[in-house]
Structures are given as C-alpha cells and as structure tokens.
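Dear colleague,

I am handing over the structure you will find just below, and after it I set out what came up when I went through it. Please read the notes with the structure open beside you.

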Protein chains: 2
Amino acid sequence: MRAVIISEGRLTWGERPAPVPKAYELLVRVEAAGLNGADLLQRAGRYPPPAGVPADQPGLECAGTVEAVGDGAATFRPGDRVMGLVPGAGQAEWAVVHERLALPVPPERPLSEAGGFPEAYCTAHDALFTQAGLSVGDRVLVTGAAGGVGTAAVQLAAAAGAEVVASVRHEALRPKVARLGATCVAPEEVADHRPFDVVVDLVGGPGLSRHLGCLAPWGRVVVIGLGGGSQAQVDLSELLARRAVLRGSTLRSRTLEEKALVVQRVRHHVVPLFAAGKVRALVEATYPFPEAEAAYGRFAAGAKLGKVVLVRA
Amino acid sequence: MRAVIISEGRLTWGERPAPVPKAYELLVRVEAAGLNGADLLQRAGRYPPPAGVPADQPGLECAGTVEAVGDGAATFRPGDRVMGLVPGAGQAEWAVVHERLALPVPPERPLSEAGGFPEAYCTAHDALFTQAGLSVGDRVLVTGAAGGVGTAAVQLAAAAGAEVVASVRHEALRPKVARLGATCVAPEEVADHRPFDVVVDLVGGPGLSRHLGCLAPWGRVVVIGLGGGSQAQVDLSELLARRAVLRGSTLRSRTLEEKALVVQRVRHHVVPLFAAGKVRALVEATYPFPEAEAAYGRFAAGAKLGKVVLVRA
C-alpha cells in the first residue's frame with residue numbers, strides 16, 4: 001500500500017506493507033485523515049511516537065470503511081463506516097484502528113469531515129467535561145479557538161449551555177468562529193469578558209498568567225496546546241484566592257484504556273450531536289494523500305478555520 | 001469579656017463586648033484557640049477579615065464548652081465540648097461558632113489539643129482528599145511538613161494507606177515528623193523519592209517548579225501555603241506530559257456552605273480517628289491568652305512541630 005512517509009524531514013507518498021489487524025483491531029480502508037500539530041512535530045523529529053509505532057509514518061486519526069476485523073473484535077463489521085484515533089500511521093491507504101478507539105460515522109456525515117473529527121472532539125470533550133467539569137451556565141474561554149480543537153470546543157461548550165468567549169488572533173476568522181456560538185474577541189480583549197469558570201487554553205506561554213487573573217472562584221484552566229510556548233509565570237496567590245485549578249492534558253501519551261474511555265464518552269455524548277448537525281468538524285482544506293507536503297504547509301501557515309484533512313485521491 | 005486585640009500592630013488582652021449567638025450559632029466558652037499564619041498577616045494589616053468580622057480581633061479556630069445556642073441550633077447543647085472554625089475573633093474568652101462549623105471534641109482528647117485541631121485538619125483533609133483525590137497506595141509529598149497543617153496532612157495520608165514523603169527544612173524536626181508515618185527528608189532531597197501522585201505544598205514559591213518535575217502521570221499538586229513566595233515558573237509541557245493538576249486552595253475565603261461541607265467531612269472521617277488517637281493535633285507550645293504576643297512570636301520564629309495554642313489561664 002501507499003502511505004505518507006517522513007524521509008529526512010520531507011513527506012513522500014511511498015510504499016509500505018499493508019497493516020494486519022491484531023486482536024480487537026479493525027483494518028480500515030482510509031478515505032480521510034486529519035492533520036494534527038503532533039504530526040508536524042513528528043516530521044521535525046521532535047515527537048517520537050510510542051513503542052511499536054513506526055517513527056516515519058505520521059497520522060493520529062482517520063476515517064474510512066472497515067475491511068476486516070481481528071480476533072475478538074465485536075463492535076464493528078466489514079462495511080461499517082468508522083473514524084478513530086490511531087497511535088500513528090493514520091495517513092495511509094490502510095490503517096488498523098483498535099475497536100475501542102473507533103466511532104461510527106453517522107450516515108449523514110461525509111467521510112472527509114469524519115477524518116477530522118476524532119482528535120478534535122476527543123481532545124475538546126475530555127478537556128471541557130472530564131478535565132474541567134463544565135456545567136450548564138458556566139462561562140468558558142477558549143483561546144486559539146479557530147483551529148480544529150478550538151472550533152470543536154466552542155461548539156461543544158455552546159451545545160452544553162455554556163456562555164462561550166473565544167479568542168482568535170486572526171481578525172478575519174473571528175466572525176466565522178462567532179457563528180459557532182461564541183463571543184469572539186482578540187487575545188488582548190479577553191479580560192473585558194471575565195470572570196471565566198473554565199478556560200480551555202490552546203496557546204499556553206506567557207498569556208497564561210493573564211488568564212489566571214480572569215478566573216472566577218473555583219475556576220479551571222486546562223492547557224492542551226503550547227503554540228505560544230511552554231514557560232509561564234504563575235502567581236500562586238491568584239490560584240489560592242480563587243481555589244483555582246491549572247491542568248495540562250494530552251491524549252497521545254495516555255494508555256489504550258484511558259483513550260478508550262475518552263472515545264466511548266464521545267461516542268455516547270457527541271456522535272449524536274454530530275449526526276444531528278449540531279456540531280461539525282470544520283475543514284479548512286482537503287488535499288489528496290500524495291500532496292501531504294502541501295497539506296502540512298497549509299497547516300503550518302495557520303490562520304485556518306478548523307482542520308486540514310488528507311483524502312484518498 | 002477579654003479578647004486578644006490588635007492595636008497598632010501589637011497584641012493586647014483587652015475588653016470587648018461578649019458576642020451574642022444568632023440563629024444556628026453556638027456561644028462557646030473558649031478554653032483553647034490555635035494560631036494560624038493568617039493571624040500574623042492580620043496583625044500586620046495584610047489579611048483583612050471578611051465583612052462583619054472585626055479587623056482587630058484575630059483567631060480562626062477555638063475549642064471550649066457550649067454555653068448557649070441561638071435560634072434553630074440543634075446539633076449541640078449547652079455543656080457540649082466543641083471545636084470549630086470561626087471567621088475571626090476566636091482568641092477570646094467567648095466566641096460564637098456556627099453549628100455547621102463546629103465539631104464534637106471526643107472525651108478522650110483535651111481541649112488544649114482540640115483548640116489546634118479544626119484549621120489544620122479541615123485544611124489538610126480538604127487538600128488531600130477533596131482537592132487531590134488521595135487514594136490508598138498513592139505516593140504523597142508534603143512540603144513544609146512540620147507545622148500544624150503539615151503534621152495533620154502527614155498523619156491523615158498515612159492513615160489512608162498512602163506512602164508519605166515529608167520535606168522539612170529544620171533537621172532537628174525530621175525524626176519527629178518521621179514518627180508520624182513519613183519518610184522525612186530535606187527539601188533538596190525530594191527528587192530522590194519521586195514520582196509523587198499527590199503533592200501538598202505548604203511552601204509555594206520557586207520550589208514548585210521542581211515539584212512539577214517529580215509528578216507521576218495524573219499527579220496532583222495542591223498549594224495551600226506560600227511561605228516561600230507566590231511567584232512560580234511553570235513548565236507547562238511538564239503538566240501536559242503528565243496530565244498533571246496544579247491547584248491552589250484556602251479555607252478562609254470560602255462561603256459558609258463550602259466551609260460547612262469541609263467540616264462535615266472531617267466530622268465523619270477524621271474525628272473518629274482523633275478519638276481513637278490515630279491522628280493527633282500536635283502542639284508545640286501553649287501560652288495563656290494574655291501572653292498572645294509571646295505566642296505569636298513563637299509562631300513567627302518557626303522551627304516548630306505542630307501548633308501554637310492560646311489557652312485560658
């Protein structure tokens with residue numbers, strides 16, 4: 001089969017043996033595979049994949065049709081449309097997906113959109129609900145809200161009855177993010193909209209200290225992106241006075257069991273909203289698999305609304 | 001009645017009207033009242049008490065005998081021995097304690113010890129169990145472990161089946177803290193004993209960044225003291241990689257309802273251990289009420305094991 005392959009920092013559409021599903025795994029004919037920040041880090045040699053995953057095959061999510069199932073797999077059957085998380089090698093003609101990390105694709109949604117759904121919605125749902133304990137009526141700030149996870153978080157928080165403020169650096173994207181259900185502002189204007197019960201921070205870096213000062217009592221900050229840097233100065237007295245929580249989270253480093261819990265929550269709570277069109281996986285651009293280099297370039301350029309997705313040509 | 005009074009930064013044993021219990025309040029003849037760091041800040045004019053509490057009467061906890069009860073109070077009766085949290089003015093011959101913030105003093109324990117129990121055990125229990133979700137088998141670090149909250153946290157964590165590492169700056173106190181059920185080390189040696197599932201940090205300041213590097217996956221840090229300073233540099237990538245949580249907590253700024261929840265948890269889970277002698281309120285020194293100035297001086301001098309408690313002469 002053909003797969004996106006990292007070769008000396010460049011991407012090629014090269015030949016690799018097709019994967020074979022082991023117990024509880026699905027062999028998926030991939031139709032679409034979203035890009036994530038970790039793919040770009042992996043291409044740059046700065047995000048080694050877990051043991052057993054080839055370092056030169058990127059891709060953390062995909063959508064397609066089940067072709068075959070491994071021993072014991074009972075949740076999906078050949079012919080089912082699925083989308084799911086993979087530890088790597090998702091940007092290829094074929095991929096294996098553990099059945100507990102796979103979600104059904106509602107018949108109403110195209111596979112090209114589904115290819116950009118799993119990482120964004122699993123990350124956003126876990127951050128908002130499991131990590132931050134979002135409740136109806138909470139006031140939520142999503143920073144860096146125009147990207148894949150950000151647009152998912154805005155839609156999920158709005159769907160849950162929260163009041164959503166979204167900060168977006170690129171002015172042209174703000175009206176588009178606002179239409180997802182948020183008050184969309186420039187990063188410098190965030191403090192005008194405090195206090196926040198929950199902050200989902202996709203930027204990190206020095207801006208974090210400003211956000212801590214905008215929290216309500218018992219406020220929760222979940223940092224899940226570090227595009228703005230990893231070093232932050234924290235005034236602990238602001239945490240103490242508010243009984244506030246600062247947490248960091250990633251999906252990729254979790255165990256299979258932990259990821260499966262996240263995926264199964266998304267299956268029960270989010271896939272029905274996706275089927276009904278109440279939340280969408282926004283796709284800024286699709287590229288055929290062989291044009292992975294151009295797709296990664298588009299991702300790196302930023303200023304995009306939602307995901308960049310590779311699709312079968 | 002007589003009460004400890006702050007007058008131009010000094011403490012006197014002066015005259016004040018005796019308090020009158022309002023609905024759901026207990027009038028307590030105070031036998032003992034522990035000192036807390038906030039009392040010293042209040043004396044220095046740096047910790048204004050909540051609305052309705054006199055700024056010149058310190059004292060956040062006391063123990064004694066119920067003399068009378070306000071309308072509706074149904075939990076305690078005159079003659080009962082109680083200990084409890086008060087928003088201020090606890091260091092006086094008489095104090096009013098809300099019945100939901102009062103705990104029974106087990107007959108086995110002297111009131112002089114009980115006067116140092118409520119703040120330390122409510123703070124430690126809330127930090128370990130409610131904030132950090134301590135479980136049996138967790139590995140816990142308590143920093144600044146020799147003080148009132150620290151010795152309470154060490155004993156509670158050990159009683160809950162955790163493995164406890166305690167850091168104590170003063171070498172002479174380390175064997176005494178170790179006898180409470182901890183491996184007791186110097187602050188510089190903490191990293192040798194990682195990874196920690198829970199850190200209860202009573203020091204704050206620059207040392208915090210070192211502790212974040214010592215966390216296990218899903219590790220939780222609760223900062224409840226800032227003797228080492230309030231500014232901390234945080235490497236967010238360490239939080240993300242571990243899915244770690246950093247939280248700050250204080251009791252004093254909480255609402256009555258929130259404090260009542262903490263006190264009632266302590267009533268059910270800790271007072272029985274206190275009655276059985278499985279946890280103790282360690283008292284470094286007692287001083288008669290009129291010697292409050294000397295007691296505050298002893299507290300400020302540090303290098304103490306447990307509490308400093310004022311007692312009826």
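How do α3(B) and α8(B) lie to each other, roughly parallel or roughly perpendicular? Before the answer, please keep in mind that this is a predicted model, and that what follows was computed from it.

Helix α3, residues 118-131 of chain B, packs against helix α8, residues 256-269 of chain B, at an angle of about 90 degrees and with the two axes 9 Å apart. Angles of 65 to 115 degrees count as roughly perpendicular, and α3(B) and α8(B) are therefore roughly perpendicular to each other. On the side of α3(B), the residues that take part are B:Tyr121, B:Cys122, B:His125, B:Asp126 and B:Thr130, and they meet B:Val262, B:Val263, B:Arg265, B:Val266 and B:His269 in α8(B). Sorted by class, the residues of this contact comprise 5 nonpolar, 3 polar and 2 charged.

Helix α3 also packs on strands, and this can be followed in both chains. In chain A, α3 (residues 118-131) lies across β11 (196-201), β12 (215-223) and β14 (245-248), and runs at about 150 degrees to β11(A). In chain B, α3(B) touches β11 (196-201), β12 (215-223) and β14 of that chain, with its direction making about 150 degrees with that of β11(B).

Those strands belong to an open sheet of 12 strands with mixed pairing, in the order β10(A)-β9(A)-β8(A)-β11(A)-β12(A)-β14(A)-β14(B)-β12(B)-β11(B)-β8(B)-β9(B)-β10(B). The edges are formed by β10 (183-185) of chain A and β10 (183-185) of chain B, each of which pairs on one side only. On average, and with direction ignored, neighbouring strands of this sheet are turned by 15 degrees against each other.

As for the interface, 23 residues of chain B are in contact with 23 residues of chain A. On the chain B side, the elements that contribute two or more residues are β13 (231-235), α7 (236-242) and β14 (245-248), and by class that side has 11 nonpolar, 9 polar and 3 charged residues. Strand β13 (residues 231-235) of chain A runs antiparallel to β13(B), to which 5 bridges join it, and within this pairing A:Asp235 stands opposite B:Gln231.

Turning to chain A as a whole, its secondary structure comes to 10 helices and 16 strands. A compact globule of 313 residues would have a radius of gyration near 20 Å, and the 19 Å of chain A agrees with this. Its C-alpha trace spans about 55 × 40 × 35 Å along the principal axes, and buried residues make up 53% of the 313 residues. Of the contacts in chain A between residues at least 6 apart in sequence, 69% join residues at least 24 apart.

With 17 other C-beta atoms within 10 Å, B:Thr75 is partly exposed. Its C-alpha atom is separated by 6.5 Å from that of B:Glu99, a residue 24 residues apart from B:Thr75 along the chain.

With kind regards

Terms used:
Residues numbered from 1 in each chain as written. Chains lettered and ligands numbered in written order. Predicted model: local features only at pLDDT ≥ 70, side-chain atom pairs only at ≥ 80, totals over all residues. Contact = placed C-beta atoms within 7 Å. Helix = DSSP H or I, 4+ residues; strand = E, 2+ residues; numbered from the N terminus. Nonpolar A, V, L, I, M, F, W, Y, C, P; charged D, E, K, R; others polar. Pairing = 2+ DSSP bridges. Rg over C-alpha atoms; globule rule 2.2 N^0.38 Å. Buried ≥ 20, exposed ≤ 12 C-beta atoms within 10 Å, placed from the backbone. Axes fitted to C-alpha atoms, helices over the stretch in contact; angles between N-to-C directions. Parallel < 35°, antiparallel > 145°, perpendicular 65-115°, else oblique.
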